[in-house]
Amino acid sequence: MVSIVDRKKPHPDHVAAEPMLLPRLHLNAVLLPNRTVFVTGGSLKQEDKPLARLQAETYDPATGQWRLMATFTIPRPYHSTALLLPDGRVVTAGGNPEACKCRCPATGISHRLGGTGSSSSIGSAFLPWRRGCI
């Protein structure tokens, strides 16, 4: 469920918004410089790696619409994070799945990340507002 709150009202209340295109729980949301909301990670069921949501989406409060974005290769369910960097990239990290061997699509470099029982890998996504916004 997605709700909007207008905090400028004397008595703010929750108003239902369009649901995400890809339902998920344990997601990460980042407010972007263009005032849209980037949502990544999560899963359809608790910490279930096969049901992890790999495709990100953005919400534009001006239009009330969701839009599908890039598809990641590393699941980011519970205990993950996403952070906006000053250069416009969003870094995603963490998650509960076992360590995995990951391949960077940009460089083609493969490397083993994390240890037993952890997923300490870090990835980033270049997003369209990157140039000149920050």
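Colleague: Which strand gives the most to the lining of the second largest pocket?

Modeller: Strand β1 (residues 3-5) does, with three residues. Strands here are DSSP runs of E, at least two residues long, numbered from the N terminus. This is a predicted model, in which local features need pLDDT of at least 70 and side-chain atom pairs count only at pLDDT 80 or more, while totals for chains, interfaces and linings use all residues. Residues are numbered from 1 along each chain as its sequence is written, and side-chain values use heavy atoms, with hydrogens and water left out.

Colleague: How is a pocket told from a cavity?

Modeller: Both are sets of points on a 1 Å grid over the protein atoms alone. In a cavity a 1.4 Å probe fits but cannot get out; a pocket is an open set with protein on both sides within 12 Å along at least five of seven lines. Lining residues have an atom within 4 Å of a point. Grid points are joined across faces, edges and corners, and a volume is the space filled by probe spheres set on the points. The second largest pocket has about 240 Å³, and its lining consists of S3, I4, V5, D6, L31, R35, V37 and P61.

Colleague: What is that lining by class?

Modeller: Ala, Val, Leu, Ile, Met, Phe, Trp, Tyr, Cys and Pro count as nonpolar, Asp, Glu, Lys and Arg as charged, and the others, Gly among them, as polar. The lining of this pocket has five nonpolar, one polar and two charged residues.

Colleague: How many cavities of 30 Å³ or more does a search of the whole structure find?

Modeller: One. The largest cavity holds about 30 Å³ of space. Among the residues that line it are R53, F72 and T92, and by class the lining has three nonpolar, three polar and two charged residues.

Colleague: R35 was in the pocket lining. Is R35 buried or exposed?

Modeller: Buried means under 20% relative accessible area, exposed over 50%, and partly exposed in between (1.4 Å probe, protein chains only). R35 counts as exposed because its relative accessibility is 67%. R35 sits in the loop between β3 and β4 (37-40), with a positive phi near 70° in a residue other than glycine. H26, in the loop between β2 and β3, has a positive phi near 60° and is partly exposed at 25%.

Colleague: In what order do the strands of the open sheet run?

Modeller: Strands of a sheet pair through backbone hydrogen bonds, either parallel or antiparallel. For the count, two strands pair if DSSP finds at least two bridges between them. The order here is β3-β4-β5-β6, with antiparallel pairing. β3 (28-31) and β6 (65-71) are the edge strands, each pairing on one side only. Strand β5 (residues 55-60) joins β6 over five bridges, and D60 stands opposite Q65 in β6.

Colleague: With which side chain does N28 make a polar contact?

Modeller: A polar contact is a pair of N or O atoms within 3.5 Å; within protein, one must be able to donate a hydrogen and the other to accept it, and residues adjacent in sequence count only if both atoms are side-chain atoms. The partner of the N28 side chain is the side chain of S80, at 2.8 Å. N28 lies in strand β3 and is buried, with a relative accessible area of 11%.

Colleague: How many residues of β8 are buried?

Modeller: Five of the five residues in strand β8 (residues 90-94) are buried. β8 pairs with strand β7 (residues 80-84) in the antiparallel sense over five bridges, and L84 stands opposite V90. Their hairpin has five residues between the strands, and G88 takes a positive phi near 95° there.

Methods. Helix = DSSP H or I, 4+ residues; strand = E, 2+ residues; numbered from the N terminus.
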